[in-house]
Amino acid sequence: MKKFIELNKTKAIFMIKFCFIVFGTLFFSMTLILTYFNIETLNYNNYLFGFIGTVSLTFWVSILAFFSWFLRNRKRTKLLQKYPLNKLSEIGFQDYLKNEKTKWFFTETIKAGYISNYFITLDLNEKSFKTISFKTLVDFQKFVYQKDERLKSKNITVNFLEASKDYNTKDIAKLSFNQLKNDLEEFTRILSYENLKPINDSY
């Protein structure tokens, strides 16, 4: 909780205000529509119901957003404490604040570092806590998508401006640190070979 407040106090306040305005507008608009069609009479109870509904929805959305952040942070922290991920500092990976510059997503502390001029971030996959992803921004203009199958055999995917190499959390625990290091170096070599040049803007 303390870490969340340190990183996201301003964003949390913004989210609560935004949700309150959106849900309040929604409830008030619904009341006006129902009144316009003579389905409902505009009175004190309408306003009370709208206020309670707005507060309730804002509360539960806020709780859901916090617990989503909390669960991801806890899972990420446990993974980074395990071998071989706990050795990544030896090849330059450090703490990095993800989503620091946007107010629409909570800030999270992940790991990131440079390998062969590619700025690579490490985080849980967006779709599954059982997968971790090493990602980097790339210029894909000269990329030939027909070569996707060869990349997939190396667990590399290219999606718009982003290239990623994914690992199952159980599988990566079986790798030695040197194997992981070699995998990441191979990852950047393949990207370079495919003319996917690095774009080292911040995520």
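I take a nonpolar core to be a set of buried Ala, Val, Leu, Ile, Met, Phe, Trp, Tyr and Cys residues joined through side-chain atoms within 4.5 Å. Buried means under 20% relative accessible area, exposed over 50%, and partly exposed in between (1.4 Å probe, protein chains only).

The model is predicted: local features need pLDDT of at least 70, side-chain atom pairs count only at pLDDT 80 or more, and totals for chains, interfaces and linings use all residues. Residues are numbered from 1 along each chain as its sequence is written, and side-chain values use heavy atoms, with hydrogens and water left out.

Entry 1, cores. I looked up the largest nonpolar core and found 28 residues, with Leu85, Leu88, Ile132 and Phe134 having the most contacts inside it. Elements that each supply at least two of its residues include α2 (44-80), β4 (131-139) and α5 (177-193); helices (H or I, at least four residues) and strands (E, at least two) are DSSP runs numbered from the N terminus. The largest share, 6 residues, comes from α5. A second, separate core of 8 residues includes Ala12, Met15, Trp69 and Phe106.

Not counting residues up to four places away in sequence, I find Leu85 touching Leu79, Leu80, Leu122, Ile132, Phe134, Ile172 and Leu180; contact means heavy atoms within 4.5 Å.

I located Thr188 in helix α5. Thr188 counts as buried because its relative accessible area is 2%. With residues up to four places away in sequence not counted, Thr188 touches Ile115, Ser116, Tyr118 and Ile120.

I located Val55 in helix α2. Val55 has 36% relative accessibility and therefore counts as partly exposed.
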